[in-house]
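Subject: Structure handover

Hi,

Here is the structure for your files. Please open it next to this message; my notes on what was found follow below.

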Amino acid sequence: MSKLTRRRFVLAGVGTAGVLGIGWLAAPPRQRLVAGTPPDGPAGSHRLNGWVTIGVDDSVTVSLCRMEMGQGISTGIAMLLAEELDADMDRVSVVPAFDDRIYNNQAIAAKMAETFDPRQEGRLLAPVADHLLRKLARELPGLAITGASTSIRDQWLPMREAGASARQMLRQAAAREWSVPVGECRTTLGRVVHASGRSLSYGQLAEAAAGLPLPGSVRLKTPPEFRLIGTPLPQINAASKADGTAVYAMDLMPDGLLYAAARLCPVLGGAVQRVDKAAAEALPGVAAVVVLDPQPGGMAGRGHTAGGVAVVASTPHGALRGLERLAVDWNPGDAAGANSAEVIGTLRRALDSDEATVLYQRGDVDAALRGGGTVVGARYEVPFLAHAAMEPMNCTVRFDRDSAEVWVGCQGPAVVRGVVAEVLGLEPERVRVHPQLMGGGFGRKTFTDCIAQAAQIARAVPGRAVQLMWTREQDMTHGYYRPAMAARCEAVVDTSGRVNAWHYRLAGSSMGQPALMTVTRDGASDIAYEFDHMRVQHAMLESPVPVGIWRSVAHSFNAFFVESFMDELAATTRTDAVAFRRAQLAGKRRQLNVLDTAAKLAGWGKPLPPAPDGAPQALGLALHASFGSVVAQVARVSLGPERRIRVHEVTCVVDCGLAVNPNLVRQQMEGGIVYGLSAALHGRIDIEGGQVRQSNFDGYPPLRMNECPAIQTHIVASSEPPEGVGEVSTPPIAAAVSNAVFALTGMRLRRLPLSLA
């Protein structure tokens, strides 16, 4: 492939669009109120636009175009619409949105525009690229994707405009009913009220309002007028999760459901060479035995899941019994010799090679490194990591020869539709996807390998819905792993405590098609610190191990590398870690405020009491910005028996713009910290002979209850538009703990998982 970079791709798009017409290019993205194919609302309801229906019983149903995987997005998005609609939240529910372009994620497209680093010479083109990509995202089908902490950012205006538009139509309907000016009608908690005191409920007005044209423009509330936004409401589906009535994809039982169990090649990417099906097919209740081809499922077609054999039966037990009767010979494929230790060795050597792409450069780094001052260097490493969502990969498909239905928890329903259509030889319009509640995603459910397998299995038993569910072991041993990465850091600190030169080199996979997915830059070249001489490089090395996006993507390892090294620089120059960072943050108001607030709340610089068992404690700090938000964390640690690292408390300060629901923000901060701390203290995937060694939570343990620290979250008050929160608390925690361990012991831990043993 020619050396097509993302920047060239985007510039080519700009040029092509220019050919298509300056007018189209300059016009704003089209409105997002009217769906081309609006879904049917509940019985007795009336659709006022592509986002909301109102029932005669005063119920308000919101079309949810982002997938709920525990992040609380169904509540956050519903609040945006209910705020401007003046709806009663107790009457609001959500349903999955239909597949339509108005639900496309324009913020994801804008994320691509970050190809232009704000420090680079291309910064003048960045707004053009952003505008173009948002327009393209509105026009192209299939971009209703959940990811990159963009859901609230993307929906902030469309949902509010949809609510305000519906509210205006209800006011107009009431004004007609009463023959009064619209200006005399106001709304409150699901009712339109006239100045005379008369009132009608939204349900009573919905049919008349649905027949009115959409308002040409609407006025949105200002922050002082918000009634719901900014309040800590409970999650809409909290009760159903607590009482067990919440329905996840794996809970579905369509009529006539069959069950499929699979045995996958134990070697990553391997395939079936020969299988004897006879014994399995002879079992009562077994409907089919299906050989599964290796399935592409990685980002931009990179990587594939091993092939295998599936048994379809009338019960899950029958399917598992069938698997036991199979005799399979495997073709291990190209990954048979893959070893994670060798991958790490290759990364280490790459840190010293001349083969690396320059992601960002300013000044003369080499001259500055030779020019005097205190020179500091260090190397860091992180291992492969699994997603380990609580709900294993699963999918239910019914193939009716000329159409198909799919029930699945996924982060891109339209992508699923395309994959299933391709496997079954159908037009995409003949495939209907029913998105389901997910028991965790963390990026893994952007991949479609299990879904393609389910479609392949369903083809063998047409007319019957078939549910394929991977075991926990299959889920962990056939993932798309966060890649192992290494970094070499060098810097010069002058006599005033300022970093004069910064040389940062990464080595590792691209996590996708290199031309379009150089996301390894995130958190590396766009750091907040200002240095006169700076160079960031990436030595891209691919391995047979399938890799992909993992919660917070490249920020997860770049934050550990950068913030650990910043702490090393502070320690080498005998400077307080907070003061040292402040010296490199000239003019960065948000970062300075978050840093200072975290330090103050954590009691930075004050004597610490001993831990409950009398062991000494220390604090460590890290600061990182990602997905539009800025987070600082201070970890308080001590050492337990056998020098085991114990994290007692984490103080987390986040500036995420306006917090739509502070409860959800706090939950995301806590969940992200626990997820990141699990990886920091325990997480590693080892591969030998192409096979993943860890297969369950005993070998890949999440943080246990007795290990979970107290987490104090402070949200910076802001009236700026909301930014991402789903991933932003994961990146800093490893560095904060590592830096605390150094403060406690004087030992610098440069590899994850952190261990003093």
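Helix H19 (residues 662-681) and helix H20 (residues 731-745) have axes that come within 8 Å and cross at roughly 55°. That makes H19 oblique to H20. The crossing of H19 past H20 is right-handed. On the H19 side, the contact is made by Ile673, Gly676, Leu677 and Ala680; on the H20 side, by Ile733, Ala734 and Val737. By class, that is six nonpolar, one polar and no charged residues.

Some ground rules. This is a predicted model, in which local features need pLDDT of at least 70, side-chain atom pairs count only at pLDDT 80 or more, and totals for chains, interfaces and linings use all residues. Residues are numbered from 1 along each chain as its sequence is written, and side-chain values use heavy atoms, with hydrogens and water left out.

The terms, once each:
- Helices (H or I, at least four residues) and strands (E, at least two) are DSSP runs, numbered from the N terminus.
- Axes are lines fitted to C-alpha atoms, for helices over the stretch in contact; angles run from 0 to 180 degrees between N-to-C directions.
- Angles under 35 degrees count as roughly parallel, over 145 as roughly antiparallel, 65 to 115 as roughly perpendicular, and the rest as oblique.
- A crossing is right-handed if the near helix is turned clockwise from the far one by less than a right angle, and left-handed if anticlockwise.
- Contact means heavy atoms within 4.5 Å.
- Ala, Val, Leu, Ile, Met, Phe, Trp, Tyr, Cys and Pro count as nonpolar, Asp, Glu, Lys and Arg as charged, and the others, Gly among them, as polar.
- Two strands pair if DSSP finds at least two bridges between them.

More on H20. Helix H16 (residues 555-572) also packs there: the axes of H16 and H20 come within 7 Å and cross at roughly 30°. That makes H16 roughly parallel to H20. H16 passes H20 in a right-handed crossing. H16 brings His555, Ser556, Ala559, Phe560, Glu563, Ser564, Asp567 and Ala571 to the contact, and H20 brings Pro731, Pro732, Ala734, Ala735, Ser738, Asn739 and Phe742. These residues divide into eight nonpolar, five polar and two charged.

Now H6 and H7. The axes of helix H6 (residues 151-178) and helix H7 (residues 202-210) come within 9 Å and cross at roughly 90°. H6 and H7 are therefore roughly perpendicular to each other. Met169, Leu170, Ala173 and Ala174 of H6 meet Tyr202, Leu205, Ala206, Ala208 and Ala209 of H7. That contact has nine nonpolar, no polar and no charged residues.

Strands E17 (residues 394-399) and E18 (residues 404-408) pair in the antiparallel sense over four bridges. Arginine 398 stands opposite glutamate 405 in E18.

Strand E26 (residues 645-655) pairs with E29 in the parallel sense over six bridges. Valine 654 stands opposite isoleucine 715 in E29.

Last, two backbone points. Most residues other than glycine have a negative phi, and most peptide bonds are trans. Aspartate 86 has a positive phi of about 60° although it is not a glycine. Its place is in the loop between helix H3 (73-85) and strand E4 (92-96). A cis peptide bond joins leucine 752 and proline 753, with omega about -5°. Proline 753 is found in the segment after H20.

Best wishes
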